[in-house]
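Me: I have a structure to go through with you. Could you take my questions as they come?

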Amino acid sequence: MLGLNKKDTGLLLIVAVLALFAPIIFNPFPSDSAMAQFNAGYPDLMQRFVIFGIFAIGYNILFGLTGYLSFGHAAFLGVGSYAAVWMFKLLSMNILPAIALSIVIAGVFAALIGYVSLRRSGIYFAILTLAFAQMSYNLAYSVLTPITNGETGLQLSLDDPRILDGAPESVGSLPYPTLLGFEMSDTYVMAAGGWQFQFSVGYYVCAVVLLLAFYLSIRIFRSPFGMMLRAVKSNQQRLNYTGVNARPYTLAAFVISGMYAGLAGGLMASMDPLAGADRMQWTASGEVVLMTILGGAGTLIGPVLGAGFIKYFENIFSKINDTILHQWFAIMPDGIEDVLVALVHPFVGKGWHLTLGILFMLVVIFLPGGLVEGGQRIAGLFRRRKTDNDGDGDTGSSTSKDPAE
Amino acid sequence: MDAIILQILNGLDKGSAYALIALGLTLIFGTLGVVNFAHGALFMIGAFCAVTFSKFLSISYTVIDETKTDFLGNPLKVDLTYVEAWFGQSVGGTILDWAVPLSILMAIPVMVIIGFIMERGLIKHFYARPHADQILVTFGLAIVLQEIIKYFYGANPIPTPAPDMFRGSFDFGALLGFDANTIIYPYWRLVYFLFAAVIISAVFAFLRFTTFGMVVRAGMADRETVGLLGIDIDKRFTLMFGIAAAVAGLAGVMYAPINSPNYHMGMDFLVLSFVVVVVGGMGSLPGAVLAGFLLGILESFASMNEVKSILPGIDQIIIYLVAIIILLTRPRGLMGRKGVMEE
């Protein structure tokens with residue numbers, strides 16, 4: 001289907017089902033139950049899953065395929081956001097021109113930065129991209145204030161021209177971004193029993209874009225171009241000896257992943273029309289690296305999983321506070337309850353980044369292939385067990401120790 | 001002329017910090033071949049050593065002071081620190097006042113131990129892995145260390161004053177024969193610069209004039225041959241990691257009075273220090289020091305109003321700009337050896 005083989009079609013279908021039914025799937029607990037805080041099926045969070053998923057898919061095209069570790073991708077996302085908000089301010093509240101412009105601008109930026117940075121590889125490339133991103137961040141904060149509005153961040157205001165939207169309405173409220181007449185914040189709430197499912201226009205726009213982005217990335221992975229990028233990763237020197245100039249390929253990959261980042265930035269601004277410089281900080285670039293590695297760099301589904309995983313647990317963990325912990329451990333005797341709460345306390349709430357850091361280290365150390373590799377290992381374990389049971393049962397314990405083989 | 005001298009002086013303290021951190025980074029990279037993204041966190045931990053030590057010193061208990069009375073004539077309760085109780089008012093007071101320099105005593109063993117644990121426990125397993133993995137795992141470690149500090153000390157900067165003697169500034173211009181009040185310079189920054197100079201010379205002397213240092217330098221040049229000669233080079237490199245951590249920590253300790261320590265100060269310095277290492281030349285110790293001071297001074301020149309009026313915003317990006325130009329025209333850096341890490 002659509003020029004994909006069976007396996008990829010299956011993958012695309014899984015993602016499609018997940019994305020389209022997310023408001024139901026991520027909402028497993030009735031809204032009045034104690035577990036309702038673990039629901040992720042509200043538009044704001046689901047939009048974040050999807051937008052960061054797009055960002056990570058794009059990053060994976062660069063890092064997963066070519067092995068070039070960029071520490072400055074958040075700059076493209078930030079540029080994309082700024083471009084989109086300017087489009088809302090000047091042209092129209094329709095999101096299509098805004099997203100188009102953010103992709104184009106991010107692409108141009110990526111071409112410029114990539115042209116310079118890709119002259120080096122390895123650590124130098126990482127540091128060059130980091131330097132460029134920090135430069136953009138510092139500039140956005142200081143000199144470029146007329147364009148970026150500095151620390152406050154770029155926002156809509158009532159006296160923006162918005163040429164295509166005609167005369168500004170005299171209502172005293174800011175307009176919302178729209179597509180085909182629907183406002184992004186429009187939400188249809190469906191109550192079914194104790195459940196409340198929220199279907200938001202903004203989320204579905206993001207989900208459709210995610211599917212397109214995912215489809216495109218599958219095509220890139222399976223194309224001769226994708227093969228070439230993998231060759232760059234496995235041995236660039238040998239590629240050069242065979243007479244192939246790798247730089248056009250890596251530059252193309254860099255620009256494509258920059259455009260994905262711009263798309264994510266544009267969507268982010270479409271869901272919530274403001275843009276700030278802190279989206280470009282290098283810790284934000286680190287975050288997308290985390291997502292890609294955690295999910296599994298170089299795999300198709302990995303980045304989406306990683307983005308969803310990090311954003312979900314970020315949201316849930318930051319919400320857990322001591323009162324909730326006390327509720328959880330209430331069955332324990334008082335002394336043990338307090339000890340348990342004290343033990344868990346540093347890792348939840350504001351301590352979420354600590355958990356994230358530890359998790360990330362564990363993944364890099366023990367599971368370089370990320371969650372996808374973890375899943376494959378577990379699957380492999382079961383398969384191995386099955387064959388062992390068919391044959392000689394005694395070897396089962398010795399082989400299952402090393403399931404990665 | 002006086003303006004130029006002022007800018008050079010202003011650049012020195014930041015330059016010293018860059019040079020010290022970059023020196024540690026280069027030591028680690030030159031010996032172990034590891035790119036340590038957690039080095040900024042070590043700098044930050046050093047600064048928090050100073051905070052912790054001065055908190056230790058100011059642990060106090062309450063006594064009833066008969067000499068002081070409130071308005072009703074009752075004796076007043078006074079907090080008395082243990083240090084003052086043990087050593088008497090004047091000696092104890094001096095110790096309290098000198099908390100920051102004294103915390104060096106605590107910082108050295110703490111940092112060496114942290115460095116040792118880091119190398120043996122984590123980084124040892126990453127020698128054979130690609131540079132990208134090393135960057136990623138140390139980046140993760142940096143986040144963890146930073147969050148641990150944040151958990152114990154909170155997110156706000158903690159003011160840590162310098163000793164009384166070095167507070168305030170002095171008229172440096174008058175010393176050199178310029179008009180009075182043209183070059184005003186804080187004492188502590190001068191102390192910081194001298195301190196950095198001492199540490200840097202100590203590290204160089206250690207590598208140059210001791211047998212241990214000689215072996216380490218030999219190992220940096222050709223690890224395999226040194227190993228074939230029957231020397232356990234790994235053990236020495238581990239110790240060098242500890243020393244590099246201590247250098248970063250000391251840089252942090254003494255920086256605490258200049259900039260109140262907060263949990264993300266390490267990250268802020270890390271990026272710049274990497275740029276410094278790259279400009280100086282990966283693996284070149286003199287290069288790291290030279291580039292540190294050069295970039296620090298360059299940054300302070302770029303923040304002059306005269307320069308900013310011609311090129312607005314240049315002070316924010318000058319270091320990165322220099323790094324980009326250097327990387328593209330002379331990838332081995334100012335003093336890097338030819339052929340080392342040029343790709």
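Me: Is H12(B) mostly covered or exposed?
Reply: H12(B) is mostly covered, with 14 of its 18 residues buried; buried means that 20 or more other C-beta atoms, placed from the backbone, lie within 10 Å of the residue's own. The model is predicted, so local features need pLDDT of at least 70 and side-chain atom pairs pLDDT 80 or more, while totals for chains, interfaces and linings use all residues. Residues are numbered from 1 along each chain as its sequence is written, and chains are lettered from A in the order in which they are written.

Me: What should H12(B) span, and why?
Reply: Helix H12 of chain B (residues 285–302) should span 26 Å because each residue counts 1.5 Å, taken times one less than the number of residues. Its end C-alpha atoms are 26 Å apart, which agrees. Helices are DSSP runs (H or I, at least four residues), numbered from the N terminus.

Me: Changing topic, how many residues of chain B are in contact with chain A?
Reply: In chain B, 30 residues are in contact with 34 residues of chain A, contact meaning C-beta atoms within 7 Å.

Me: Which element gives the largest share of that side of chain B?
Reply: H5(B) does, with 14 residues.

Me: And how do H1(B) and H10(B) pack?
Reply: Their angle is about 170° and their axes are 9 Å apart, the axes being lines fitted to C-alpha atoms over the stretch in contact, with angles from 0 to 180 degrees between N-to-C directions. H1(B) and H10(B) are therefore roughly antiparallel, the term for angles over 145 degrees.

Methods
Helices (H or I, at least four residues) and strands (E, at least two) are DSSP runs, numbered from the N terminus. A residue is buried if 20 or more other C-beta atoms lie within 10 Å of its own, exposed if 12 or fewer, and partly exposed in between; C-beta atoms are placed from the backbone. Two residues are in contact if their C-beta atoms, placed from the backbone, lie within 7 Å. Angles under 35 degrees count as roughly parallel, over 145 as roughly antiparallel, 65 to 115 as roughly perpendicular and the rest as oblique.
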